[in-house]
Amino acid sequence: MTLRVLGVDPGLTRCGIGVVDVEKNRRATMVAFGVVGTSPEESLDQRLLVIATSIDEWLDKYEPHVLAVERVFSQLNVSTVMGVAQASGVVIAAAARRGIPVALHTPSEVKAAVTGSGTSNKDAVTKLVTKILRLDAPPRPADAADALALAITHAWRAGSGTANSRAGAVTTGPGGQSLTPAQRAWADAEAKARRSR
């Protein structure tokens with residue numbers, strides 16, 4: 001079965017959205033991506049309404065099985081954190097109204113899943129997302145690439161395919177396809193965690 005995940009990189013000014021289909025063998029295919037933008041000149045209620053209306057349209061059009069949202073993390077800039085949290089709340093509520101499960105992932109979890117390192121920069125994430133999804137060009141802006149990375153991360157963490165192997169190092173998926181270095185690192189880490197339980 002193919003898992004469809006809608007990833008959201010929340011923000012008031014730019015809210016990245018990406019939809020990915022992931023097969024049991026972890027092969028990920030980009031369905032759509034985009035960015036919802038609002039102006040700081042607008043009132044907060046109007047900005048949140050734009051995000052709410054847009055996410056409703058994406059959920060209705062693409063009918064994802066699950067929504068993956070970046071978890072709000074502490075920053076020095078409190079106003080930025082507040083905006084991200086407000087946008088996240090609108091997105092999560094939209095999914096809840098439809099009975100769509102929501103998963104939260106930290107930026108470091110996403111970086112580790114996609115690149116193999118939790119300290120990678122945005123360029124590395126975009127580069128690997130482009131490779132994983134077999135795209136001709138990097139998804140732009142970076143908020144859209146981050147949303148796609150969130151969707152990929154959730155599907156891989158949900159254990160669709162290779163993560164279920166209890167063997168040692170995993171180098172191929174169930175159909176014999178080669179895994180990317182990031183997929184191998186993730187599968188190996190999951191196998192190691194299971195062995196240590």
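**Figure 1. Trp-58 and Tyr-62 in helix α1 of the predicted model.** Both residues belong to helix α1 (residues 44-62) and stand 4 residues apart, about one turn of the helix; helices are DSSP runs of H or I with at least four residues, numbered from the N terminus. The count of aromatic pairs comes to 1, where rings of Phe, Tyr and Trp (its six-membered ring) pair if their centres lie within 6.5 Å. The ring centres of Trp-58 and Tyr-62 are 5.3 Å apart and the planes meet at 40°, so the pair is tilted (under 30 degrees is stacked, over 60 edge-to-face, the rest tilted). Trp-58 is buried at 16% relative accessible area, and Tyr-62 is buried at 15% (buried means under 20%, with a 1.4 Å probe and protein chains only).

**Figure 2. The buried face of helix α3.** In α3 (residues 107-115), the buried residues are Pro-107, Val-110, Ala-113 and Val-114. Down the helix axis they fall within an arc of 130°, so they line one face; the arc is taken from the directions from the axis to the C-beta atoms. Gly-116, with a positive phi near 95°, follows α3.

**Figure 3. Packing of helices α4 and α5.** Helix α4 (residues 122-132) packs against helix α5 (residues 142-157) at about 65°, with the axes 9 Å apart (lines fitted to C-alpha atoms over the stretch in contact, with angles from 0 to 180 degrees between N-to-C directions). Contacts, meaning heavy atoms within 4.5 Å, include Val-125 and Val-129 of α4 and Leu-148 and Ile-152 of α5.

Residues are numbered from 1 along each chain as its sequence is written. In this predicted model, local features need pLDDT of at least 70 and side-chain atom pairs 80 or more, whereas totals for chains, interfaces and linings use all residues, and side-chain values use heavy atoms, without hydrogens and water.

Definitions and conventions. Buried means under 20% relative accessible area, exposed over 50%, partly exposed in between (1.4 Å probe, protein chains only). Helices (H or I, at least four residues) and strands (E, at least two) are DSSP runs, numbered from the N terminus.
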